[in-house]
Amino acid sequence: DLPTAGQFALWSVPVAGPAGQADRLSRVPDAAFQDVEAFTIAPDSARVAFTGILTADFFAEVWSAPIAGPAPTTPISPVPSAGAGGAFVTADLPLTFSNDSSRVLFAGDFQTPGTIQLLSNTSTGSQFAADILNGTVTAGGNVVAYGLGPGTNRAVFRGDLLVDERIEIWS
């Protein structure tokens with residue numbers, strides 16, 4: 001919360017210095033107590049992806065920026081539907097880049113409130129270009145975990161997509 005108390009932003013700085021050369025990577029939040037919540041750096045170190053509530057709609061979105069800035073103006077996560085919560089980042093549902101750094105993988109309830117799905121978008125994509133990677137989800141179903149294998153751009157995920165509370169593995 002360097003410039004504003006209570007608002008945690010994302011910054012980058014050369015590790016060799018000099019001091020004071022920090023670049024802000026996240027936009028200025030629209031309201032107090034809006035923050036960047038999680039971030040990850042691409043394998044090629046060119047970009048950073050991050051989640052946060054930074055806009056007036058109080059929706060958790062996914063953003064991507066060049067590692068040296070400037071801050072993005074629009075998120076790469078989908079436009080939210082009414083009642084949805086947005087990006088959902090945990091140890092089992094990480095925010096991550098594909099191994100070739102071209103795509104960002106993330107989870108959240110963007111379309112159906114309460115239904116967590118697995119999505120991806122190019123690291124420079126628009127809100128309208130995000131892809132849902134899982135198939136149709138049954139009522140009450142969710143993607144509960146996913147991983148990306150080293151050296152591949154294929155995700156494996158667990159979820160109860162076909163029958164609520166019956167967790168299966170998908171690829």
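The legends below describe close-up views of a predicted model.

**View 1. The largest pocket and its lining.** The volume of this pocket is about 230 Å³. Its lining comprises 14 residues, of which Leu105, Leu133, Asn153, Arg154 and Ala155 are the closest to the centre. At least two lining residues come from each of strand 8 (103–109), strand 9 (117–122) and strand 12 (155–159). Sorted by class, six lining residues are nonpolar, five are polar and three are charged.

**View 2. The salt bridge between Arg103 and Asp131.** The N to O distance between the two side chains is 2.7 Å. Arg103 belongs to strand 8 and Asp131 to strand 10 (residues 131–132), so the pair links distant parts of the chain, 28 residues apart. Arg103 is partly exposed, at 23% relative accessibility. Asp131 is also partly exposed, with a value of 36%.

**View 3. The salt bridge between Arg27 and Asp30.** Here the side chains meet at 2.7 Å, N to O.

**View 4. The salt bridge between Glu168 and Arg166.** The N to O distance is 3.7 Å, and the pair counts as a salt bridge because the cut-off is 4 Å. Glu168 is partly exposed at 25% relative accessibility, and Arg166 is partly exposed at 40%. A search of the whole structure gives three salt bridges.

How values were computed
Residues numbered from 1 in each chain as written. Predicted model: local features only at pLDDT ≥ 70, side-chain atom pairs only at ≥ 80, totals over all residues. Heavy atoms only, no water. 1 Å grid on protein atoms, 1.4 Å probe; cavity = no way out; pocket = protein on both sides within 12 Å on 5 of 7 lines; lining within 4 Å. Points joined across faces, edges and corners; volume = space filled by probe spheres on them. Helix = DSSP H or I, 4+ residues; strand = E, 2+ residues; numbered from the N terminus. Nonpolar A, V, L, I, M, F, W, Y, C, P; charged D, E, K, R; others polar. Buried < 20%, exposed > 50% of the residue type's maximum accessible area, 1.4 Å probe, protein only.
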